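Dear colleague,

Please find below the structure that I am handing over to you. My findings follow it, and I would be grateful if you would read the two together.

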Amino acid sequence: MTRRFSPARPIAVTATAPDWVPRAICWRGQWAVVAEIVASWEVAEGWWRGEAGATRQYFRLVVAGGPLCVVYRDRRGGEWYLEVILD
């Protein structure tokens, strides 16, 4: 089952600078350790129009004993969001 959140849901994440790789995420009040980072990528919007658009750092990850998730960090403000859960 795939759950896509639009808009993405704000979440708490434990990550360390400078790479900001998630170590644990908190969803619905429950913390889960990140067991594996499957993929990571960046998305920058608006650059083709000469605008300073949103820049996001995405991670496809698996939490310990749980599902595959897609989370991202807004590079401007540093906030984290949950976009997809794949059960």
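A residue counts as buried when its relative accessible area is under 20%. Cys69 is therefore buried, as its relative accessibility is 4%. Cys26 is likewise counted as buried, because its value is 15%. The structure contains 0 disulfides. Please note that this is a predicted model.

As to the overall arrangement, 6 strands form a closed barrel in the order β1-β2-β3-β4-β5-β6, and their pairing is antiparallel. From one strand to the next, the twist averages 45 degrees. Strand β1 covers residues 2-16 and strand β2 covers residues 21-27; these two run antiparallel and are joined by 5 bridges. One of the residues involved is Thr16, whose bridge partner in β2 is Val21.

Which residues are in contact with Ile11, leaving aside its neighbours within four places in sequence? They are Ile25, Cys26, Trp27, Val71, Trp80, Tyr81 and Leu82.

Yours sincerely

How values were computed
Residues numbered from 1 in each chain as written. Predicted model: local features only at pLDDT ≥ 70, side-chain atom pairs only at ≥ 80, totals over all residues. Heavy atoms only, no water. Disulfide = S-S within 2.5 Å. Buried < 20%, exposed > 50% of the residue type's maximum accessible area, 1.4 Å probe, protein only. Pairing = 2+ DSSP bridges. Helix = DSSP H or I, 4+ residues; strand = E, 2+ residues; numbered from the N terminus. Axes fitted to C-alpha atoms, helices over the stretch in contact; angles between N-to-C directions. Contact = heavy atoms within 4.5 Å.
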